[in-house]
Structures are given as C-alpha cells and as structure tokens.
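Let me put the sequence and the model up, and then I'll walk you through the parts I looked at.

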Amino acid sequence: MFLLILAVLAAPAILVELSERQVVSTPLVVVAATVLLWLVWPGLRRARGGERLCAALHLAAGAAAPMVAFDALTVTGLSTVAIVSSLTMGDGRLLARNLIRQLVAFGFAVGICGLDWSPVPSATTVWASLPLLGGCPVLLAFRARRVVADLSAQSRLFEVRSRLDAMTGLYNRSYLETVLPAAFSRCHSGEIGMVLILIDLDRFKQINDRFGHRAGDGVIREMAALLRFELRERDLAGRYGGDEFWVLLTDASEHNAISIVERLRAGLKARVGGLDETVTASFGIAVWTPELKDWRHWVHCADMALYAAKHDGRDIWSVVTQEQIALGPSMPVTSG
C-alpha cells in the first residue's frame, strides 16, 4: 500500500511531462515497457510483491528520464521515490539491485528516445509535482510512525516473554528477583502484608528415572496448572528452576498461606494421574516481618523453611514466623 500511494503521487508529474514533451508516441511506449518488463521478469519472479513494485518504480524512474527530456524536477522526484521505496522495503542489497535495473531501463529508453536535453520544468509540471513533493514526506512520517509502533510492540512482547518460563508459561526466577524488591518495600512501608512460598516436588528425580523425562515434564506442567487454578488473581507464581516453584501471596497472612498450601497439597495428589506413584510436594513459607533485612533474606528464610519440610519427611509445609526470624540463622522452624 505504501508503494502504491507513492506511485499514485508520482503519476501526475509523469503524465504531464509525457503529454507536454511528446517525445515518444503512445504505442511505442507501451511496446518498450512490455519488452523491458519481459527482460527483467526472470529476476523478479522470486521476489515478494512489495519488492516487485520497488523494482517497477526504479524501472519507471530510469525509463522516464529520456522520455521527459531529463526534466530535473520529475527525474529527481521519481528517483527519490524509487530509492526511498527500496530502503523502506529492504536493505542496501535490494537498493543496489534496483539501481542496476534503473540504469538498464535508462539505457533502454535512451536507445528509443534519444537524448533530448531540456531539464527546466514548465509551470504545469511544477504544479503536477506538488503531490509528490508534499505527499512523500508525510507518507514517510506515517511509515516511520508505524515502524516505531511495530518495534515498540515487539519490544513489549520480548519483555513479556523474557519474564516467562518456556515450559510452564509461569513467571521465571528472574522475574521473582525483579518483583521482590518492590514487594519488600511495600511491606516495609506498612502498605500491605505478603507471604513468600517456595515449593519443591518430592523425589522428582525418581519420577524421571522410572517414567522418563516426558512424564516428569508433564508433572511440572500439571503443577503449574494447579497453581493457576488455586491462586487468587492478585497472587504471583513462577518456576524457580527444575522442579521448584515460587508463590508470592499479596495481602495475605500466615493463616491464608497455610490454607492455600493445604489446597495445593490435596490438589497435586488428585490432579497428577497416569503414574504408578503419588506425586507430593514440600512447601517453605516465609511471612514478611520487619526483622527481614532485605528481599534476599526473605528468600533465604523461605528456603530454610523448605529445607526443614524436606528434612522432616516431605509432603508437609514449614513456616518461619516473626519470632523465629528474630533468633537468627539457628532459628527453629514450625512444620505442619
């Protein structure tokens, strides 16, 4: 569409010049154009539609120069439109190929029309060239705006995809490390309460060894689907890596976290079928408290709780509270 509009804008100047100069008779122009297109067609058959139109604009610019007696305004306008079209549709190689086609068309037209040199345009030609001279920059501005919008959309899409885990469609670990500092600040300002939960599928290596990695991938996807089903819209969930997941509960307490974890435990056992083995998971719960030093300390506490759950028998949850965090690295962990 962009190239078609450029061709329409250039048409008045070409038609006026051809009618005023009367260098070539209409039948001869038709025959010359047909022969020229026939000569270059083998090189255009593999090109896309837009590239073919680019080539046609270059052919027109090259052939029109002797036909309009080298009128400076018309030739410059047509050549500019042709070059802009090539740079818009492709790279320097496309422009180089089309410039060669333009030179071939120019030589072909000179052989027919001769070298009738009259570069000064008439007043009619100037007026006929105004649509091209005025419309081309405006059209280029709209084209540039569309390109910028497309690049912006692609950038946003890339940003979204960079946050997601490819297998599950959940958020990934890097997104957790991006969102946790802001969450920690909100909690520290007293704006809201949050709970961080780390989840680890129990004996996942044995599932892979007994049933294969395809079955293991299915278990991971089922866990991701369960998280989507059980969590609230304001909560976040992601894959921490391997068979581990993370959950960030917003506006939640320890009681809320334990309730959600119990639903996840029951749902995991009921949801994952097709294996001759019950799939379970362990959960480490860390409620935000003022005793936490920073968001990394928050993750460490959740990890310690998860370790306690694994150590105490798996398929259970462990939680660290405000009083336990205040005791430091040797803190006891409550399991359930």
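Let me start with a term: by a disulfide I mean a pair of cysteine sulfur atoms within 2.5 Å. With that cut-off, the structure holds 0 disulfides. Keep in mind that this is a predicted model. While we're on cysteines, Cys187 is buried, at 3% relative accessible area, and Cys301 is buried too, at 1%.

Now the overall picture. The protein chain has 12 helices and 6 strands. It runs to 336 residues, and 43% of them count as buried. If you take the contacts with a separation of 6 or more, 73% come from residues 24 or more positions apart. The accessible surface is about 17,700 Å², with 61% of that belonging to carbon and sulfur atoms.

On to the inside. As a general point, nonpolar side chains in soluble globular proteins tend to be buried together. Here, the largest nonpolar core has 32 residues, and the members touching the most others are Ile197, Ile199, Leu201, Leu227, Leu249 and Ile285. Who builds it? Among the elements giving two or more residues are strands E1 (194-201), E3 (244-250), E4 (281-287) and E5 (317-320). On the helix side you have H8 (204-211), H9 (213-230) and H10 (254-271).

Let's zoom in on Ile197. Leaving out residues up to four places away in sequence, what does Ile197 touch? The list is Phe245, Trp246, Val247, Leu249, Ala257, Val261, Phe283, Gly284 and Ile285.

There's also a second, separate core, this one of 26 residues, and Phe184, Leu198, Tyr240 and Val320 are among its members. Phe184 turns up again in an aromatic cluster, together with Trp288 and Trp298.

Staying with rings: the structure holds 4 aromatic pairs. One to look at is Tyr171 with Tyr175, where the ring centres are 4.1 Å apart and the planes sit at 20°, so the pair is stacked. Are those two buried or exposed? Tyr171 is partly exposed at 25% relative accessibility, while Tyr175 is buried, at 13%.

Last stop, Arg161. You'll find Arg161 in helix H6, residues 123-163, and Arg161 counts as exposed because its relative accessibility is 59%, over the 50% cut-off. From Arg161 to Asn172 is 11 residues in sequence, and the C-alpha atoms are 9.9 Å apart.

That's my tour, thanks.

Terms used:
Residues numbered from 1 in each chain as written. Predicted model: local features only at pLDDT ≥ 70, side-chain atom pairs only at ≥ 80, totals over all residues. Heavy atoms only, no water. Core = buried A, V, L, I, M, F, W, Y, C linked by side-chain atoms within 4.5 Å. Buried < 20%, exposed > 50% of the residue type's maximum accessible area, 1.4 Å probe, protein only. Helix = DSSP H or I, 4+ residues; strand = E, 2+ residues; numbered from the N terminus. Contact = heavy atoms within 4.5 Å. Areas by Shrake-Rupley, 256 points an atom, 1.4 Å probe, with all protein chains shown as cover. Phe/Tyr/Trp six-rings, centres within 6.5 Å; stacked < 30°, edge-to-face > 60°.
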